[in-house]
Amino acid sequence: MFSSNVRTDKQRVLSAILGVTNGINTGRYLGLPSLIGRSKRATFSYIKDTIWKRIQGWRNKLLSQAGKGVLIKSVAQAIPTYSMSVFLLPVSVCDEIQKMMNSFWWGSSSGNGKGIRWQSWARLARAKELGGMGFCDLQVFNFALLGKQGWNFIHNPNTLVSRLFKAKYFPHGSYLSSSLGSNPSFVWRSVWSAKEVVNRGIRWRVGDGKSIYVWRDAWVRDLPGFRVGTTPVPGLDNLKTSDLLLDAGRGWDTELVHSIFENNVSLAICSIPLSKSHISDSLMWHYSNNGLYTVKSCYRMLTGSLHETESRLYASSWKKLWKLFLPPKIISFLWRLCNSCIPVSGQEHYWHLFYDCPYSASCWAAANVDKPTLTTDEFPVWLLKLIDVLDPVVMCSIAMILWCVWRQRNQKLWENSSLSAVKAMELGYVFLQGWRRARAGASSSATQRAHGPLTWSRPLEGRWKCNLDAAMFRNLSAIGLGMVMRRNDGQFYACKTLLLPLSCSVKEAEALALREALLWAFSLKLIDVEFETDSLLVVNSLSSHFLDCSESGFLISDCVCLRGKGNYSIRFVKRQANKCAHVLAKHACFNAGLYESFVIPSWLKEV
């Protein structure tokens with residue numbers, strides 16, 4: 001099927017080449033509408049109808065709120081994903097779908113759909129550490145999905161779809177510099193609407209610096225908007241990043257950088273790690289670990305900016321709440337209690353129900369848990385503070401007390417039946433232990449821990465051993481690298497420390513330590529060397545076949561290239577087996593720049 005912009009003669013030629021018949025079809029093809037009419041709401045009403053049918057089927061089941069949350073996240077929110085990855089859904093359609101899910105979430109378990117909507121969907125869609133449920137804001141998620149298509153135009157320009165869109169909509173430019181154009185298709189209009197979203201998170205990774213203009217491009221990762229943000233120096237309007245590098249291209253010309261830019265900008269520039277190899281500049285996604293665009297990272301970027309003005313006073317409490325080793329229905333109950341979403345009647349209030357009344361006092365005594373000290377705070381605030389300061393084991397006991405009191409209160413109110421406090425707590429703990437046993441059996445088979453030697457051992461016959469580590473000095477905006485070389489008999493040969501004025505991630509620091517250790521061994525003309533690091537992330541990255549477009553990616557690539565220059569092996573060990581290198585890295589802050597010694601220092605002998 002062709003759009004109205006394609007002439008009839010071209011339609012016949014293309015149909016003959018492809019061997020297909022050009023027919024009129026206003027239905028759906030491959031799950032997507034083949035014709036987008038004037039009424040977008042009517043076009044995408046099938047998504048709303050599909051979700052409505054699913055929710056109606058769920059209403060007849062007795063589900064806890066935790067169970068409803070699983071169905072919403074895994075099914076209801078997944079239904080529109082396919083369409084949203086290509087089309088920008090109308091705001092009204094997204095709002096109606098979210099209202100349906102909100103109604104189902106707060107609805108009663110009787111299946112009639114009635115119930116108090118204690119919070120709007122916007123509050124439920126907040127991140128869990130902000131007091132929300134982590135549900136999806138469909139409109140924001142739609143932009144994140146469409147941004148993926150825009151990223152593919154940039155990162156995979158040779159694919160058929162990228163070449164088609166480029167030929168039609170941006171033949172002389174790129175997706176980031178494209179315009180909407182005249183009479184565009186709805187697909188292009190949708191993908192183009194996410195251009196600003198992609199622009200907010202994309203930046204240059206510095207290679208040789210020949211493709212990056214200093215003043216106009218986004219390339220300084222530690223500055224707002226990734227841009228220099230200052231007025232260009234007269235006569236240097238077209239300055240490129242390559243002009244700021246040394247002649248060899250493997251380091252920053254710090255004197256030149258400090259002479260052109262203000263102190264904070266020059267420090268941010270000089271803290272960008274550079275590759276030892278001659279690689280070209282490339283675009284990367286700032287908000288993911290590997291520099292590649294992911295819908296999840298874009299969604300977090302967008303929702304983070306929406307909630308950046310909100311208080312994070314109890315962020316630690318919310319995180320700890322979701323980590324409690326309790327059944328989901330009890331954690332959901334605690335979440336509702338902390339958000340004042342538990343209904344009480346008449347003169348009843350939270351303090352009386354859960355703390356002061358005789359029955360709750362008996363439950364506290366039956367559980368053999370001391371009541372925490374009363375405060376003047378509201379009950380939800382008091383509970384959040386308890387979650388933050390108490391041991392998780394004690395907090396789990398308090399959560400069970402509150403849940404049992406609430407459960408017995410409802411049975412007395414609606415069924416006119418009740419149990420003694422001792423019996424109620426006994427049944428509650430039986431339920432908890434049964435759930436924990438089931439979880440322990442499932443998690444023991446899925447959990448995998450990193451195994452590595454706990455003690456240092458001698459290298460194999462005829463080989464040397466080099467231990468290395470990195471330390472972060474946040475107050476100095478620097479990192480320390482430490483490495484020690486030992487002979488085959490385990491005796492000390494040499495040690496080296498290096499203090500670098502860089503502000504980088506832990507992975508980048510550990511990768512820099514490995515690269516420096518490999519270069520050091522090569523300069524010492526040692527070919528048979530075993531390298532040991534306590535960074536499992538770096539060791540796994542060395543053998544990974546996944547593309548890494550971040551700064552740590554080219555550091556890992558440097559390490560792979562250097563490893564091939566000798567009979568070098570690299571393995572992971574625990575921190576206990578890497579104490580000497582760890583002490584050296586920490587001691588780097590006492591030595592300005594480079595320190596190298598072939599005599600064991602006195603302060604290292606005790607390690």
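**Group meeting: a sheet, some cysteines and some aromatic rings**

Eight bridges join strand β6, residues 478-486, to strand β7, and the two run antiparallel. Before going on, this is a predicted model, in which local features need pLDDT of at least 70 and side-chain atom pairs count only at pLDDT 80 or more, while totals for chains, interfaces and linings use all residues. Residues are numbered from 1 along each chain as its sequence is written, and side-chain values use heavy atoms, with hydrogens and water left out.

Some terms. Strands here are DSSP runs of E with at least two residues, helices are runs of H or I with at least four, and both are numbered from the N terminus. Two strands count as paired if DSSP finds at least two bridges between them. In general, strands of a sheet pair through backbone hydrogen bonds, either parallel or antiparallel.

Back to β6 and β7. They form a hairpin with five residues between them, and G490 in that turn has a positive phi of about 90 degrees. Within the pairing, G482 stands opposite T497 in β7. On the β10 side, T497 stands opposite Y595. Strand β7, residues 492-500, pairs with β10 in the antiparallel sense over four bridges. Another bridge partner in β10 is E596, which goes with K496.

Now burial. Buried means under 20% relative accessible area, exposed means over 50%, and partly exposed is in between, using a 1.4 Å probe and protein chains only. β7 is mostly covered, with eight of its nine residues buried.

What about S597, buried or exposed? S597 lies in strand β10, and at 12% relative accessibility S597 counts as buried. Contact means heavy atoms within 4.5 Å. Leaving aside neighbours within four places in sequence, S597 is in contact with F492, A494 and C495. The side chain of S597 also reaches the backbone oxygen of V599 at 2.6 Å. That is a polar contact: a pair of N or O atoms within 3.5 Å, where within protein one must be able to donate a hydrogen and the other to accept it, and residues adjacent in sequence count only if both atoms are side-chain atoms.

S397 is buried, with a relative accessible area of 17%. Leaving aside neighbours within four places in sequence, S397 is in contact with V369 and Y429. S397 and Y429 are 32 residues apart along the chain, and their C-alpha atoms are separated by 9.0 Å.

Next, cysteines. A disulfide is a covalent bond between the sulfur atoms of two cysteines. The cut-off here is a pair of cysteine sulfur atoms within 2.5 Å. How many disulfides does the structure hold? It holds zero. C94 is in no disulfide, and the nearest cysteine sulfur, that of C136, is 9.3 Å away. C94 is buried, at 1% relative accessible area.

Last, aromatics and helices. Rings of Phe, Tyr and Trp (its six-membered ring) pair if their centres lie within 6.5 Å; planes under 30 degrees apart count as stacked, over 60 as edge-to-face, and the rest as tilted. The whole structure has 40 such pairs. One of them is Y175 with W188, edge-to-face, at 6.2 Å centre to centre and 80 degrees between the planes. Y175 sits in the loop between α9 (160-169) and α10 (186-193), and W188 is in helix α10, 13 residues apart. Both Y175 and W188 are buried.

In α10, F186, W188, S190 and V191 are buried. Their cover includes α2 (40-43), α8 (138-155), α9 and α11 (195-201).

Helix α16, residues 328-338, is mostly covered, with nine of its 11 residues buried, among them F333 and W335. F333 also belongs to an aromatic cluster whose members include Y350, W351 and W406. After α16 comes S340, whose phi is positive, near 55 degrees.
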